[in-house]
Amino acid sequence: MKILIDNGHGLMTAGKRSPDGQFREPYYNREIAKRVVADLVDRGYDAELLVPEDDDIALAERVRRVNSVCFLLGKSNVILVSIHVNAAGDGTKWMNATGWSCYTCKGQTESDKLADYLYQAAIKNFPGKCIRTDYSDNEPDWEENFYILRKTLCPAVLTENFFMDNHSDLEYLQSRVGKQAVVDTHVEGIVECLEINT
């Protein structure tokens, strides 16, 4: 099984930062993604970064990269996890929204299974933190027509790891404990999903 980890946004992407400018989402995503890949590789899994470059690679190119691997290995032998940090506002002021969430494309798909295991890992690794869910379809994940989820051939999810415009979330995200919990949630969710379903 090939595990592709997508670190959302390029280093020079406009916005994507906390209201005080101290936190930059693309840098954080890359740090977490690299740690997730390293942990998975240490455990013997075939994992790699989808975007090793620092540039903001267009969504169409990200999708092309994923689908080229799917054509090579078979779409049932590939999964994609895209790592992001959420924001409730336009980046100019602090907001109150909080929590961790995971998104899949609309409808019942194989991506739902991966999301379920990530939610289980999130509940374990983020004790006392808000886990944002949408059970309108009897599944905890949120469904959106995000391009990278809709256009990729393999099971794909996008995680929003707390809010960069919430003081409490941001403090947690930047802490050693918080960073490790974010990494562990992704690694454990992926591993559990693969161990049970492959």
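Author: Let's start where the axes of α5 and α6 come within 4 Å, crossing at roughly 80°. Keep in mind that this is a predicted model.

Reader: Why is there a particular word for how α5 and α6 lie to each other?

Author: Angles from 65 to 115 degrees count as roughly perpendicular. The crossing angle here is roughly 80°, so α5 and α6 are called roughly perpendicular to each other.

Reader: Which residues make the contact between α5 and α6?

Author: From α5 you get Y172, L173 and Q174, and from α6 come R176, G178, K179, A181 and V182. By type, the residues of this contact split into 4 nonpolar, 2 polar and 2 charged.

Reader: Which residues of α5 are buried?

Author: In α5, which spans residues 167-174, the buried residues are D169, L170, Y172 and L173. They sit on the same side of the helix, because they cover an arc of only 165° around the axis of α5. The general idea is that an α-helix has 3.6 residues a turn, so residues three or four places apart point the same way.

Reader: What does the face of α5 turned away from its buried side carry?

Author: That face has the exposed residues H167 and E171.

Reader: And what do the buried residues of α5 pack against?

Author: Quite a list: α1 (25-42), β3 (78-86), α3 (111-125), β6 (156-163) and α6 (176-197).

Reader: How do you know that N166 caps the N-terminal end of α5?

Author: Look at its side chain: an oxygen there lies 2.9 Å from the backbone nitrogen of S168. The cut-off for a polar contact is a pair of N or O atoms within 3.5 Å, so the 2.9 Å pair between N166 and S168 falls inside that limit.

Reader: Is N7 buried or exposed, and how do you know?

Author: The cut-off for buried is under 20% relative accessible area. N7 has 1% relative accessibility, so N7 counts as buried. N7 belongs to strand β1, residues 2-7, and its side chain reaches the backbone oxygen of V51 at 3.2 Å. Not counting residues up to four places away in sequence, N7 touches N29, R30, A33, L49, V51, R62 and I83.

Reader: V69 has 17% relative accessibility; what label does that give?

Author: Buried means under 20%, so V69, at 17%, goes in as buried. V69 is in helix α2, residues 59-73. Leaving out residues up to four places away in sequence, V69 touches K2, L4, G74 and V78. Take L4: V69 and L4 are 65 residues apart in sequence, yet their C-alpha atoms are 9.3 Å apart in space.

Reader: What makes S76 buried or exposed?

Author: Exposed takes over 50%, and S76 has a relative accessible area of 57%, so S76 is exposed. S76 is in the loop between α2 and β3. Its C-alpha atom is separated by 9.6 Å from that of K2, which is 74 residues apart from S76 along the chain.

Terms used. Residues numbered from 1 in each chain as written. Predicted model: local features only at pLDDT ≥ 70, side-chain atom pairs only at ≥ 80, totals over all residues. Heavy atoms only, no water. Buried < 20%, exposed > 50% of the residue type's maximum accessible area, 1.4 Å probe, protein only. Helix = DSSP H or I, 4+ residues; strand = E, 2+ residues; numbered from the N terminus. Arc of directions from axis to C-beta. Contact = heavy atoms within 4.5 Å. Polar contact = N/O pair within 3.5 Å; in protein donor to acceptor, adjacent residues only side chain to side chain. Axes fitted to C-alpha atoms, helices over the stretch in contact; angles between N-to-C directions. Parallel < 35°, antiparallel > 145°, perpendicular 65-115°, else oblique. Nonpolar A, V, L, I, M, F, W, Y, C, P; charged D, E, K, R; others polar.
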